[in-house]
Amino acid sequence: MGKEVSADSFTPRDRARYRHKLQRCLDTLARMLADDGFSFPRRHIGLEVELNLVDDRLRPSMSNSAVLESLDHESFTTELSQHNIELNVPPRPLAGRSAIELEDDLVGYLADADSHANATGSRLAVIGILPTLAEDHFDQKWITNNTRYTLLNDQIFAARGEDITLSLDGAALGGHNPERLRTYAESILPEAACTSVQLHVQVAPEEFATHWNAAQCLAGVQVAVGANSPFLLGKALWHETRIPLFLQATDTRPEELRNQGVRPRVWFGERWITSIFDLFEENVRYFPGLLPETVREDPLDALEAGQAPKLTELMLHNGTVWRWNRPVYDVVDGKPHLRVENRVLPAGPTVLDMMANAAFFYGAQRALAEAERPLWTQMSFQAAEENLYAGARNGFDAQLYWPGQGWVPPDELVLRVLLPLAVDGLRSADVSEAAIDRYLGVIEQRCLTRRNGAWWQRAVVAEAEENGSDRESALTAMLGRYLELSRSGEAVHTWPVDPA
C-alpha cells in the first residue's frame, strides 16, 4: 500500500482513462498466459510482517518515521498508521534449510528494528491487534505521511458517504456473557490495527489455480490454529478479530449497497478458479478504481517490443481489493512471475510461531495442490468461506467442515489429516527434515495443548480480572508479559499463564 501516487484530485476523465488501461492490462495478461510468457526457475517463498510500535506505557507510539529513519534499511517500510512499520524479507527458495535460515534472518531483522525503536523511545510489539489501542488512535491525524494513504482514506469515505461502523459480537471470556463492540470511525485507521504476516509462494501459471484453491481451503484452519488477535478497544471479541475488523474498516459500501449484495473489497471470493486470470478479471469487473492513477506505459506495446510489462494499473487496483488469498503479478530483473499471497495470519507471537504457521501453510498447500483428486471438487466454496469465519470467531473451539471428516474441531483436523499432508508437501518440496520436524512439531504441540496466542491472551486477562484487575489494567499487564515472553523465542503453547 505504501507506493506513492499523485496528490492531485481525480477527474471523471482520469477514471475513464484508468478503466481503459485496466482492460489493456487484462488483455496483456491474457496474451502472456496464452504464450507462456512467465519465469519459473524454481519455487521461491517470501514473507512480510506488519509490526506495532509501543511507548513505555505500552500504548501505540506514533513514531514510525523516526524509527525508519534510524533503521535506514530497504527491508523496512511504512504502513497505514504512524504506529506501524512493515518488514519485507527478501525471497528465497523453499527447499533445503532455507526455512531455518529465514528464521535466523527474521530474528536478526526484528532485533535490529527493536534496537533502533528503543533509541527513539519505543519498542516493537509483534501481535495481531495491539490490545492497548483506544478510539483516539483512529484519528485521521495519525495516518502516515504518505499521499497514497491519505488518498485511499478519502476515496473510501467518498465512496461510502458516511462514517465507518465497527460492530462485532465476541466469544465469551471466562464464563461471562459475550461482549459487544459498537462504535464509529472517521478514518480507515481501524484497518491499521490489523497487523499480519503475509506469506508468498511463487508458482507456475498452470499451477496457480490449484495453489489458490488449496489456500482457500486452508484459510479457516490457519486462523483457528494461529489466532492471536482477541481484543479490540477493550473488548474480548473474536479469537482472530482481524478478520471481521479488516472487512468493516475498509468497507466502501453503505448499508443499502450491502443489502443489495454488492461485494466487499475485503473479500474471500465466491468460486473456485481455473486460472489466475479469473481473479484479476473479477477485480476489474466488480470494483471501481479507488486510486485511478495511470502511467505512460502501454502494456501491449511493451509486450510486443519484447519487454516484460509492469501492468501498473492492474497491480495498483489489485492492491485495493483485499482478498484473503491475493493473486500477485510482479517483474523482477526484467522477468515476470506469479505468486499467491496468503493474508489470513496474524503477526506473532514469536518468530518460531510465525515460521511454524508458514511451514504448515506451504506444506499443506502444496500437498492439496498436487493431490490426485482436488479437495475443492468435494467441498463447496461456501463451506470454505464459513470455515474462515468460524475459525476466526472461535479458534480451537470452532467446528470446521472437511470432506470425509464432516464437522470437526481444528486441532483434530490438523492432527488427523493436515499435519501428515503438510509433512508430505514439504518433503515433496525438498525441505530438510530438520526444518520439517522443528516447525511442524510446533503445530503438533499447539494442537495437542489447544493453546495459541489468542488462547493465552484471553486466559491471562481472565485470570487478572478474577484477581481484581479492571480490563484496562489487565490488558496492559498482559501485553507487558506478552512482550517479555515473545522475546524469549519460545513457542506460545509453552507460555505460562501466570502474570509474572
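At what angle do helix α2 (residues 64-71) and helix α3 (residues 98-119) pack, and how far apart are their axes? The angle is about 120 degrees and the axes are 9 Å apart, where axes are lines fitted to C-alpha atoms, for helices over the stretch in contact, and angles run from 0 to 180 degrees between N-to-C directions. The model is predicted, so local features need pLDDT of at least 70 and side-chain atom pairs count only at pLDDT 80 or more, whereas totals for chains, interfaces and linings use all residues. Residues are numbered from 1 along each chain as its sequence is written, and side-chain values use heavy atoms, with hydrogens and water left out.

- Helices here are DSSP runs of H or I with at least four residues, numbered from the N terminus.
- α2 and α3 are oblique to each other, given that angles under 35 degrees count as roughly parallel, over 145 as roughly antiparallel, 65 to 115 as roughly perpendicular and the rest as oblique.
- The contact (heavy atoms within 4.5 Å) involves V67, S70 and L71 from α2, together with D112, A113, H116 and A117 from α3.
- By class, this contact of α2 with α3 has four nonpolar, two polar and one charged residues, where Ala, Val, Leu, Ile, Met, Phe, Trp, Tyr, Cys and Pro count as nonpolar, Asp, Glu, Lys and Arg as charged, and the others, Gly among them, as polar.

**Packing of α11 and α13**

- Helix α11 (residues 351-369) and helix α13 (residues 410-428) cross at roughly 85 degrees, and their axes come within 7 Å, which makes α11 roughly perpendicular to α13.
- Residues making the contact include F360, Y362 and R366 of α11, and L418, L421 and S428 of α13.
- The contact of α11 with α13 divides into twelve nonpolar, three polar and one charged residues.

**Cysteines**

- Zero disulfides are found in a search of the whole structure, a disulfide being a pair of cysteine sulfur atoms within 2.5 Å.
- C447 is in no disulfide, and the nearest cysteine sulfur, that of C217, is 18 Å away.
- C447 counts as buried at 1% relative accessibility, and C25 is buried with a relative accessible area of 0%; buried means under 20% relative accessible area, exposed over 50% and partly exposed in between (1.4 Å probe, protein chains only).

**Q23 and E281**

- Q23 lies in helix α1 (residues 12-34) and counts as partly exposed at 38% relative accessibility.
- Although Q23 and E281 are 258 residues apart along the chain, their C-alpha atoms are separated by 8.9 Å.

Notes
Helices (H or I, at least four residues) and strands (E, at least two) are DSSP runs, numbered from the N terminus.
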